[in-house]
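Subject: Handing over a structure, with notes

Dear colleague,

I am passing on the structure below, together with an account of what was found in it. Please read the notes with the model open beside you.

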Amino acid sequence: MASFFKKKTVDDVIKEQNRELRGTQRAISRDRAALEKQEKQLELEIKKMAKIGNKEACRVLAKQLVQLRKQKTRTFATMQAVNKKVDPQKTLQTMQNFQKENMKMEMTEEMINDTLDDIFDGSDDEEESQDIVNQVLDEIGIEISGKMAKAPSAARSLPSASTSKATISDEEIERQLKALGVD
């Protein structure tokens with residue numbers, strides 16, 4: 001069962017492809033042998049029909065023989081073209097490059113996921129720090145929620161510096177912090 005979940009290595013892929021190639025070669029060899037067998041049978045039939053003097057049957061069988069030989073020639077030509085184009089060394093090199101790039105991609109993906117996890121974990125820290133700030137401000141008697149409702153928003157026009165008045169000055173906040181023993 002564990003072999004189903006294991007990643008294939010380059011060697012495993014090469015073995016699999018070699019197995020497929022050998023199977024294909026056997027199938028081609030069987031097809032070639034069958035074509036040669038049909039060719040010999042047609043030749044024998046042509047000779048047999050020629051002995052009895054049936055020229056029409058000879059002509060039909062001869063056409064079949066010509067078509068069979070053309071098919072055989074096309075098969076060989078196709079196989080030669082494929083063999084010229086398929087270079088096992090280049091295929092191996094391509095597979096190794098693919099595996100290397102795939103590993104790089106996996107490492108990059110893992111780094112991105114770690115970074116995103118850190119970022120999202122950091123947002124929890126921000127919430128905790130905001131809770132602590134709110135607790136400290138509550139202890140010194142500053143209520144942010146009531147003042148935030150009166151604060152200008154981006155949708156409203158901002159008041160000028162001369163019209164805005166703070167109800168608690170910076171000195172008052174510092175005095176309250178000293179009274180609590182926070183420096």
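Leaving aside residues up to four places away in sequence, Lys-72 touches Leu-35, Glu-36 and Glu-39, where touching, or contact, means heavy atoms within 4.5 Å. Lys-72 belongs to helix α2, and the residue counts as buried because its relative accessibility is 17%; buried here means under 20% relative accessible area, exposed means over 50%, and partly exposed is what falls in between, with a 1.4 Å probe and protein chains only. Please keep in mind that this is a predicted model, in which local features need pLDDT of at least 70 and side-chain atom pairs count only at pLDDT 80 or more, whereas totals for chains, interfaces and linings use all residues. Residues are numbered from 1 along each chain as its sequence is written, and side-chain values use heavy atoms, with hydrogens and water left out.

As for the overall build, the secondary structure of the chain amounts to 5 helices and 0 strands, with the elements running α-α-α-α-α from the N terminus on; helices (H or I, at least four residues) and strands (E, at least two) are DSSP runs, numbered from the N terminus. Of the 183 residues in the chain, 10% are buried. The chain exposes about 16100 Å², of which carbon and sulfur atoms supply 56%; accessible areas come from the Shrake-Rupley method with a 1.4 Å probe, and for residues only the protein chains shown count as cover. Among contacts between residues at least 6 apart in sequence, 61% join residues at least 24 apart.

The UniProt record, an unreviewed entry, places the feature "coiled-coil region" at residues 25-55; its positions are given in the numbering used here, feature names are shortened, and annotations may be inferred rather than shown by experiment.

Which residues make up the largest nonpolar core? There are 9 in all, namely Leu-35, Leu-42, Ile-46, Met-49, Ala-57, Cys-58, Leu-61, Leu-65 and Leu-68, a nonpolar core being a set of buried Ala, Val, Leu, Ile, Met, Phe, Trp, Tyr and Cys residues joined through side-chain atoms within 4.5 Å. Helices α1 (10-52) and α2 (55-85) each supply at least two residues of this core, and α2 gives the most, with 5 residues. Ala-57, which lies in helix α2, is buried with a relative accessible area of 19%, and its C-alpha atom is separated by 7.7 Å from that of Ile-46, 11 residues apart along the chain.

Turning to charged pairs, side chains of opposite charge can pair when their charged atoms come close. A search of the whole structure finds 6 salt bridges, a salt bridge being a side-chain nitrogen of Lys or Arg within 4 Å of a carboxyl oxygen of Asp or Glu. One of them joins the side chains of Glu-39 and Arg-69 (2.7 Å, N to O); since Glu-39 lies in helix α1 and Arg-69 in helix α2, the pair ties together parts that are 30 residues apart in sequence. Glu-39 counts as buried at 12% relative accessibility, while Arg-69 counts as partly exposed at 36%. Glu-39, Glu-43, Arg-69 and Lys-72 are linked in a network of salt bridges.

Another salt bridge is formed by the side chains of Arg-59 and Glu-56 (3.1 Å, N to O), which are separated by about one helical turn because they are 3 residues apart in helix α2. In helix α3, Glu-101 and Lys-104 also lie 3 residues apart, about one turn of the helix, and their side chains meet in a salt bridge (3.6 Å, N to O).

On the surface, Ile-112, Leu-116, Ile-119 and Phe-120 form a nonpolar patch with about 400 Å² of accessible area together; patches are made of residues with over 30% relative accessible area and no salt bridge, with like charges joined within 9 Å and nonpolar side chains (Val, Leu, Ile, Met, Phe, Trp, Tyr) within 5 Å. Phe-120 is placed in helix α3 (residues 88-139), and at 55% relative accessibility Phe-120 counts as exposed.

With best wishes
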